[in-house]
Amino acid sequence: QVQLVESGGGLVQAADSLRLSCAVSGGTFSRYGMGWFRQAPGKERAFVATISQSGAMTYYADSVKGRFTIFRDNAKNTVYLQMSSLKPEDTAVYYCAATFRSIVTSDQMYDYWGQGTQVTVSS
């Protein structure tokens, strides 16, 4: 059974940085393309970033491009989301997800999900 556990969320001020982690267990991590999504109150879940199985390819939502970086450590079975220059509109629950596909932006294409971690950015 594949399990994803996010960590690293919290309350920060605008312009601060934060790093989220997602540890994957119960499967072969290097087989999964990984993604980060977020859901703000009253809004639908939205794509943030995705990374290929090897880590060689990444893709970002326009709203976070240049501020967020997704990367992975296959030896540690962990994917990260480094967030910089945070804005209040980045406030959301952040979810990581795993797919057998690669560079996928649709949440419908992901097979496994974590429970989410709250990120709150104050102005």
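Predicted model: local features only at pLDDT ≥ 70, side-chain atom pairs only at ≥ 80, totals over all residues.
## The overall build

There's no helix anywhere here: the protein chain has zero helices and eleven strands. Along its principal axes, the C-alpha trace spans about 40 × 25 × 25 Å.

As for what's tucked away, 46% of the 123 residues count as buried. The protein chain exposes about 6,100 Å², and carbon and sulfur atoms supply 47% of that area. Take the contacts with a separation of 6 or more: residues 24 or more positions apart account for 58% of them.

## Strand β8, covered on both faces

Strand β8 takes in residues 78-83, and six of its six residues are buried. Look at either face and you'll find cover. Thr-78, Tyr-80 and Gln-82 sit on one side, Val-79, Leu-81 and Met-83 sit on the other, and all are buried.

## The partners of β8

Which strands pair with β8? One is β3 (residues 18-25), which runs antiparallel to β8 and is joined to it by six bridges. In this pairing, Leu-18 stands opposite Met-83.

Another is β7 (residues 68-73), also antiparallel to β8 and also joined to it by six bridges. Here Thr-69 stands opposite Gln-82 of β8. β7 and β8 form a hairpin with four residues between the strands, and in that hairpin Asn-77 takes a positive phi near 55°.

Moving on past β8, Thr-91 is found in the loop between β8 and β9 (92-99). What lies 2.9 Å from a polar atom of the Thr-91 side chain? The backbone oxygen of Pro-88 does, and so does the backbone nitrogen of Val-121.

Val-121 turns up again when you list the contacts of Thr-91. Leaving aside neighbours within four places in sequence, Thr-91 touches Ala-40, Gln-118, Val-119, Thr-120 and Val-121.

Methods: Residues numbered from 1 in each chain as written. Heavy atoms only, no water. Buried < 20%, exposed > 50% of the residue type's maximum accessible area, 1.4 Å probe, protein only. Helix = DSSP H or I, 4+ residues; strand = E, 2+ residues; numbered from the N terminus. Pairing = 2+ DSSP bridges. Polar contact = N/O pair within 3.5 Å; in protein donor to acceptor, adjacent residues only side chain to side chain. Contact = heavy atoms within 4.5 Å. Areas by Shrake-Rupley, 256 points an atom, 1.4 Å probe, with all protein chains shown as cover.
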